[in-house]
Amino acid sequence: MSTDDPTYAARCRAQGYALVVAFLFLIIGVLGFVPGLTSNYSTIVQMGSDSHAHLLGLFQVSAVHNAVHLAFGAVGVVAAHRLVWSRVYLLAGGCFYLGLAAYGMLIDHHSAANFLPVNNAGNWLHVALGAVMVLLAVDPRGKQRQLLPGKRPPRRRLPRPRRG
C-alpha cells in the first residue's frame, strides 16, 4: 500500500478518531450556550454549583464548563493533524475525563469544590467519554490508513515465476 494510493484516506485511524471526538466536544460546547437546548438558561453563571442550567435537561453546565468543551474541541482539531498528537490528545483527554469523573463523584455537588459544575449524569458521561477516548488512543489499528467508503484495498500480486 502506497501513501499515494487514492484508495486510502490521508489520515490514519487515530487521527480520524481525534477529529470526531474534537467535533463532538465543539458541538457540546456550542449547544451549552443554546437557550432552547439548555433548560433554565437564564440561571447560567460563569462557574460554580450555583448554575441551574442543564444541557438537554440532564447535564449541569456553566459558561466555563462550555468554554472548556470548546477549548478541548479546538485542541483536538489541531491534534488531528499528526498521528502522535492524536494519540496523546485521546489518551491525555481520556485520563483527564476519567479524573474529572472521579473528582465529581468524590465532592459534594453543592459545595464550592464543584466549580465546573458537575452532577451525577455528567459524572457518568465523563466516565464513558474517558473510557472511549483511552480505548481509541490504544487501538492497535490506529496507525492504519482509513479505507475510503466504497473502495477496496489493492490486491497483492504474487511474483511471477522466473523462467530459466
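Buried here means under 20% relative accessible area.

**View 1. Overall fold of the predicted model.** By that cut-off, 35% of the 164 residues of the protein are buried. The secondary structure consists of four helices and five strands. Along the sequence they run β-α-β-β-β-α-α-α-β. Among contacts between residues at least 6 apart in sequence, 64% link residues at least 24 apart. The accessible surface amounts to about 10,300 Å², with 65% of it from carbon and sulfur atoms.

**View 2. Packing of helix 2 against helix 3.** Helix 2 spans residues 63-79 and helix 3 spans residues 83-106. Their axes come within 8 Å and cross at roughly 155 degrees. Angles over 145 degrees count as roughly antiparallel, and the two helices are therefore roughly antiparallel to each other. Helix 2 contributes Val68, His69, Phe72, Gly73, Val75, Gly76, Val78 and Ala79 to the contact. From helix 3 come Trp85, Ser86, Tyr89, Gly93 and Tyr97. By class, eight of the contact residues are nonpolar, five are polar and none is charged.

**View 3. The largest nonpolar core.** This core holds 18 residues. Val21, Phe25, Phe72, Tyr89, Leu90 and Met133 touch the most other members. Helix 1 (13-31), helix 2, helix 3 and helix 4 (120-137) each give two or more residues. Helix 1 gives the most, with six.

**View 4. The surroundings of Tyr89.** Residues up to four places away in sequence are not counted here. Tyr89 touches Ala18, Val21, Ala22 and Phe25, among others. Its contacts also include Phe72, Gly73, Val75, Gly76 and Ala79. Gly94 and Met133 are contacted by Tyr89 as well.

Technical notes
Residues numbered from 1 in each chain as written. Predicted model: local features only at pLDDT ≥ 70, side-chain atom pairs only at ≥ 80, totals over all residues. Heavy atoms only, no water. Buried < 20%, exposed > 50% of the residue type's maximum accessible area, 1.4 Å probe, protein only. Contact = heavy atoms within 4.5 Å. Areas by Shrake-Rupley, 256 points an atom, 1.4 Å probe, with all protein chains shown as cover. Axes fitted to C-alpha atoms, helices over the stretch in contact; angles between N-to-C directions. Parallel < 35°, antiparallel > 145°, perpendicular 65-115°, else oblique. Nonpolar A, V, L, I, M, F, W, Y, C, P; charged D, E, K, R; others polar. Core = buried A, V, L, I, M, F, W, Y, C linked by side-chain atoms within 4.5 Å.
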